[in-house]
Amino acid sequence: MTKRLRKLLERYRHTDAAILYLRLFIGSVLLLHNIGKMQTYNEIIDDYPSLLFISNRASFALLAAAQTFLAVLLMIGVGVRRAAALLALGFAVDQLRGGYPHFDEVKFLWIGIFVFLWIAGGGAYAPEAALHHGKSTHNDNPSHTEQK
């Protein structure tokens with residue numbers, strides 16, 4: 001049993017480091033993206049879409065704040081799946097709103113990255129991983145253990 005466990009851990013030892021890197025990188029890029037939007041506020045605000053029944057200025061402020069908050073959550077590793085799902089949904093709605101002639105490959109890449117993080121979660125280097133460490137998993141089934 002110990003040999004199998006060591007072999008399995010050796011095989012996937014870099015996965016959690018890669019997820020940590022991706023969380024930090026994508027969170028940083030999303031923060032920089034929002035800083036860029038805020039710096040060009042005067043140029044983009046007139047063409048910014050209004051959501052639901054609020055003004056374009058309020059929509060901009062709400063979306064920028066939400067994206068910034070979710071990017072920070074991704075980076076610190078708290079609520080990674082929820083944050084990634086919300087970001088993927090937001091970018092998908094924005095992509096679909098544009099329609100076929102305005103298909104944006106960059107938004108499509110963002111969606112793919114957020115879907116990956118939604119599936120993968122925060123990895124072992126996320127604080128939420130320590131919270132769930134003590135809970136049982138499907139591998140705790142006694143029928144899966146090796147017999148001596």
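This is a predicted model: local features need pLDDT of at least 70, side-chain atom pairs count only at pLDDT 80 or more; totals for chains, interfaces and linings use all residues.
Let me start with the overall layout. The protein chain has seven helices and zero strands. Read from the N terminus, its elements go α-α-α-α-α-α-α. The chain has 148 residues, and 25% of them count as buried.

Now the patch. Which residues make the nonpolar surface patch of about 680 Å²? They are Leu 51, Leu 52, Phe 53, Ile 54, Leu 62 and Leu 63. Take Leu 62 as one of them. Leu 62 sits in helix H4, which covers residues 56–76. Is Leu 62 buried or exposed? Its relative accessible area is 58%, and exposed means over 50%, so Leu 62 is exposed.

Helix H4 comes up again in the packing. In general, a pair of packed helices is described by two things, the angle between the axes and the distance between them. Here the partner of H4 is helix H2, residues 15–39. The angle between H2 and H4 is about 160°, and their axes are 8 Å apart. Angles over 145 degrees count as roughly antiparallel, so H2 is roughly antiparallel to H4. The crossing of H2 past H4 is left-handed.

Next, the charged side chains. How many salt bridges does the structure hold? It holds one. The side chains involved belong to Asp 94 and Lys 107, at 3.0 Å from N to O. Asp 94 is in helix H5, residues 80–98, and Lys 107 is in helix H6, residues 105–120, so the pair ties together parts 13 residues apart in sequence. As for Asp 94, its relative accessibility is 23%, and it therefore counts as partly exposed.

Last, one more residue of helix H6, namely Gly 112. Gly 112 has a relative accessible area of 40%. How far is the C-alpha atom of Gly 112 from that of Ala 88? The two atoms are separated by 7.7 Å, while the residues are 24 apart along the chain.

To recap, we looked at the patch that includes Leu 62, the packing of H2 and H4, the salt bridge of Asp 94 and Lys 107, and Gly 112 in H6.

Conventions:
Residues are numbered from 1 along each chain as its sequence is written. Side-chain values use heavy atoms; hydrogens and water are left out. Patches are made of residues with over 30% relative accessible area and no salt bridge: like charges are joined within 9 Å, nonpolar side chains (Val, Leu, Ile, Met, Phe, Trp, Tyr) within 5 Å. Accessible areas come from the Shrake-Rupley method with a 1.4 Å probe; for residues, only the protein chains shown count as cover. A salt bridge is a side-chain nitrogen of Lys or Arg within 4 Å of a carboxyl oxygen of Asp or Glu. Helices (H or I, at least four residues) and strands (E, at least two) are DSSP runs, numbered from the N terminus. Buried means under 20% relative accessible area, exposed over 50%, partly exposed in between (1.4 Å probe, protein chains only). Axes are lines fitted to C-alpha atoms, for helices over the stretch in contact, and angles run from 0 to 180 degrees between N-to-C directions. Angles under 35 degrees count as roughly parallel, over 145 as roughly antiparallel, 65 to 115 as roughly perpendicular and the rest as oblique. A crossing is left-handed if the near helix is turned anticlockwise from the far one by less than a right angle, and right-handed if clockwise.
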